[in-house]
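Please read the following briefing alongside the sequence and the coordinates. It takes up one residue and then several elements of secondary structure, grouped by topic.

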Amino acid sequence: HRHLTGIEGLEPHEIAFLLDEAENWIAANRERGVPDKRLAGLTQINAFFENSTRTLLSFEIAGKRLGADVVNMHAAQSSVKKGETLIDTAMTLNAMRADVIVIRHMSSGAVRLIADKVDCPVLNAGDGRHEHPTQALLDALTIRRRRGTIHNQRVVICGDVLHSRVARSNILALTALAAEVRVCAPSTLMPPAIERMGVTPFTDFDAALDGADVVMMLRLQTERMSGGYVPSSREYHLRYGLTLERLARAKPDALVMHPGPMNRGVEIDSNVADHAERSAITEQVEMGVAVRMACLDVLTRRARRVEGWA
Ligand code: CP
């Protein structure tokens with residue numbers, strides 16, 4: 001089976017194909033009518049070993065809109081708490097004959113491990129600081145729709161880049177689609193040798209914002225900072241918080257994005273997050289459902305004996 005464990009390894013035309021497929025679902029979602037139950041009879045298991053609001057709900061809604069039987073496994077209520085290993089959990093899900101498994105896990109590489117053990121397509125809903133591919137796809141779709149193109153768009157990704165799977169997957173997707181990507185973080189939260197990913201690093205947010213088409217803000221991921229330096233919210237906001245004043249350095253029609261969950265008043269001010277013209281944050285959530293419908297559909301095509309993806 002083909003899996004979606006990351007953006008890494010996808011060709012640009014495959015990324016574009018998934019975005020095109022997602023476009024097909026937007027109108028139906030808006031009209032509250034998806035008549036095409038192409039996943040009817042399939043069982044989708046969402047196995048979430050880490051908290052989620054957006055990703056879990058949108059995978060569930062996506063599967064249900066396409067007619068799948070969707071089952072959610074929350075690690076907090078599962079036998080993981082009793083010491084079951086990840087591999088044993090994977091074998092258990094497999095024995096239940098799932099047709100597609102969606103996994104979120106706190107360890108980088110956990111999704112790949114499970115994908116290698118089961119007999120169905122596996123989709124990564126975020127693994128540690130490794131990848132969050134459907135987030136990058138929904139972000140790319142949002143940019144493509146709002147800006148008309150991704151090519152040559154100056155995208156600034158600002159925040160805790162070091163711990164962010166969202167940043168990694170977005171860097172991979174956006175550079176593959178020929179955006180100009182700038183990453184901005186305090187030096188303690190910047191991955192070493194990030195230039196090798198084809199991006200330009202900045203520690204000065206004001207400089208990074210110059211002429212930006214898109215400003216993507218990230219949360220401080222304190223849950224992954226054990227032992228490391230954690231900036232105070234106040235000092236962080238002072239240097240890296242997106243205020244209306246700072247946003248003025250970007251292009252006048254620049255788009256503001258945030259994958260959520262947001263910490264208002266820390267990385268982003270409320271008047272920016274809620275800005276009627278500039279903020280695309282709720283649209284990102286909407287695109288999330290369409291992108292996840294596309295991914296579930298495309299990845300189960302082989303099992304449904306329909307032609308696979310390009
Ligand atoms: N963007 C995102 O992954 O949000 P959740 O953690 O709520 O799923």
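In this predicted model, K117 counts as partly exposed, because its relative accessibility is 38%, a value that falls between the 20% limit for buried and the 50% limit for exposed. K117 belongs to the loop that lies between α4 (110-115) and β4 (122-127).

**Surroundings of K117**

- Leaving aside residues up to four places away in sequence, K117 touches I87, M91 and N94.
- K117 and I45 are separated by 72 residues in sequence, while their C-alpha atoms are 15 Å apart in space.

**The five-stranded sheet**

- Five strands make up an open sheet with parallel pairing, and their order is β7-β6-β5-β8-β9.
- The edges are taken by β7 (200-202) and β9 (255-257), each of which has a single partner strand, so one side of each is left without a neighbour in the sheet.
- On average, and with direction ignored, neighbouring strands of this sheet are turned by 20° against each other.
- Within the sheet, β5 (residues 154-158) and β6 (residues 180-184) run parallel and are joined by five bridges; C158 has C184 of β6 as its bridge partner.

**Helix α5**

- Helix α5 (residues 133-147) has 15 residues, which at 1.5 Å a residue should span 21 Å, and this agrees with the 21 Å between its end C-alpha atoms.
- The helix lies across β5, β8 (214-217) and β9, and it runs at about 165° to β9, an angle that counts as roughly antiparallel because it is over 145 degrees.
- Because twelve of its 15 residues are buried, α5 is largely enclosed by the rest of the structure.
- The buried residues of α5 include P133, T134, Q135 and A136 as well as R147.
- Just after α5 comes G148, which takes a positive phi of about 90°.

**Packing of α1 against α11**

- Helix α1 (residues 12-30) packs on helix α11 (residues 281-299) at an angle of about 120°, and the two axes are 8 Å apart.
- The crossing in which α1 passes α11 is right-handed.
- On the α1 side the contact is made by F17, L18, E21, A22, W25, I26, N29 and R30, whereas on the α11 side the contributing residues include E286, M287, V289, A290 and M293.
- An α-helix has 3.6 residues a turn, so residues three or four places apart point the same way.

Key:
Residues are numbered from 1 along each chain as its sequence is written. This is a predicted model: local features need pLDDT of at least 70, side-chain atom pairs count only at pLDDT 80 or more; totals for chains, interfaces and linings use all residues. Side-chain values use heavy atoms; hydrogens and water are left out. Helices (H or I, at least four residues) and strands (E, at least two) are DSSP runs, numbered from the N terminus. The expected span of a helix is 1.5 Å times one less than its number of residues. Buried means under 20% relative accessible area, exposed over 50%, partly exposed in between (1.4 Å probe, protein chains only). Two strands pair if DSSP finds at least two bridges between them. Axes are lines fitted to C-alpha atoms, for helices over the stretch in contact, and angles run from 0 to 180 degrees between N-to-C directions. Contact means heavy atoms within 4.5 Å. A crossing is left-handed if the near helix is turned anticlockwise from the far one by less than a right angle, and right-handed if clockwise.
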